[in-house]
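Please examine the structure shown below.

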Amino acid sequence: MTWHTFFAAFGNPYLWYVPTAYFTVATVQIGYLAWIAVQWFRVPRRSGYLANER
Amino acid sequence: MVGALWTVATLVVLAISFRQAIFLVPAEATMGNLQRIFYWHVTNATLGLVFPYINCIASLAYLFWRRRDPLKALTADAWALASAEVSIVFVSIGLLTGMLWGRPAWGIWWTWDARLTTYLLLWLLYVSYLIVRRFSSTGQGHTLAAVLSVFAAIDVPITFMSISWWRTQHPAPVLRGDGKLDAVFWPAVLWSFAGWAMWGLLIMTFRYALERKRQRAEQEAALEAIEASLELIQ
């Protein structure tokens, strides 16, 4: 396959499953990573209490 | 620094695996280009059978330390949660890409054969694990979830061996056993395994760091609340 045939496969009734499967893998994995990143900024910042900063 | 290098290396290996799988290895004789789904489907689905073991080991460590050393237990619990979520990610991909391959190859999206059913059961068990952790109102949610994860791990070897033990719609083993994969396809398989294993370890570590951050914030909030209540009494 080439880049052209890879993307052209979306229009092929027998082959559209191939690029769809690869985009599904990428979407799920990157989606989970993005969810972790969003949650990282939602957890409150540490006050320093446990580090004896007060 | 190590994290940045690992991230860059992971992305490079994944790019190589994509290039191998789509552009370099030849089309398979029977299915043609459709067979290219195999490389990322098999690797992600197989890793969905590996991360549950990390979850099982971390859960056993949590159960061992929860009374002896609560701080170590918290660390083990964070690894257990991270590996459970990563397991669900890989198993979900295994199910989705399997259906996307099954429809053109078999003419059906799904069938209740032993491999597919035990694999779906694995997904349901780890979703149950997260639900128990999140919604248990007994105060023992993490302990119950840890016990559940030990039982869930029993499904892993059953799923792995199902295509050898029973006659299934799913193909018999092609990476082991009689119907061995031709040598020309192995580079794509190995690069994909390496790339997705590195990615899995990367996101599991990110998720672990997030859970540790949440645990510390929770501990600090609890200690500050105790201190505030003591000041009120004085």
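Axes are lines fitted to C-alpha atoms, for helices over the stretch in contact, and angles run from 0 to 180 degrees between N-to-C directions. The model is predicted: local features need pLDDT of at least 70 and side-chain atom pairs count only at pLDDT 80 or more, while totals for chains, interfaces and linings use all residues. Residues are numbered from 1 along each chain as its sequence is written, and chains are lettered from A and ligands numbered from 1 in the order in which they are written.

**The two chains**
- Chain B contains seven helices and zero strands, where helices (H or I, at least four residues) and strands (E, at least two) are DSSP runs numbered from the N terminus.
- The pattern of chain B along the sequence is α-α-α-α-α-α-α.
- The C-alpha trace of chain B spans about 80 × 40 × 25 Å along its principal axes.
- Chain A has two helices and zero strands.

**Burial and contacts**
- A residue is buried if 20 or more other C-beta atoms, placed from the backbone, lie within 10 Å of its own.
- Of the 234 residues in chain B, 36% are buried; of the 54 residues of chain A, 20% are buried.
- Two residues are in contact if their C-beta atoms, placed from the backbone, lie within 7 Å.
- Among the contacts in chain B with a separation of 6 or more, 76% join residues 24 or more positions apart.

**Helix α6 of chain B**
- Helix α6 (residues 141–165) of chain B has 25 residues and should span 36 Å at 1.5 Å a residue, which agrees with the 35 Å between its end C-alpha atoms; the expected span is 1.5 Å times one less than the number of residues.
- A kink of about 30° in α6(B) is centred on B:Thr159; the bend is the angle between axes fitted to the seven residues ending at a residue and the seven starting there.
- B:Thr159 is also one of the buried residues of α6(B), which include B:Ala145, B:Asp155 and B:Ile163.
- The cover over these buried residues includes α3 (51–68), α4 (70–106) and α5 (114–135) of chain B.

**Packing of α5(B) and α6(B)**
- The axes of α5(B) and α6(B) come within 9 Å and cross at roughly 170°.
- The two helices are therefore roughly antiparallel, a term for angles over 145 degrees.

**Where the chains meet**
- In all, 25 residues of chain A are in contact with 31 residues of chain B.
- Helix α2 (residues 17–42) of chain A gives the most to chain A's side, with 14 residues.

Key:
Buried ≥ 20, exposed ≤ 12 C-beta atoms within 10 Å, placed from the backbone. Parallel < 35°, antiparallel > 145°, perpendicular 65-115°, else oblique.
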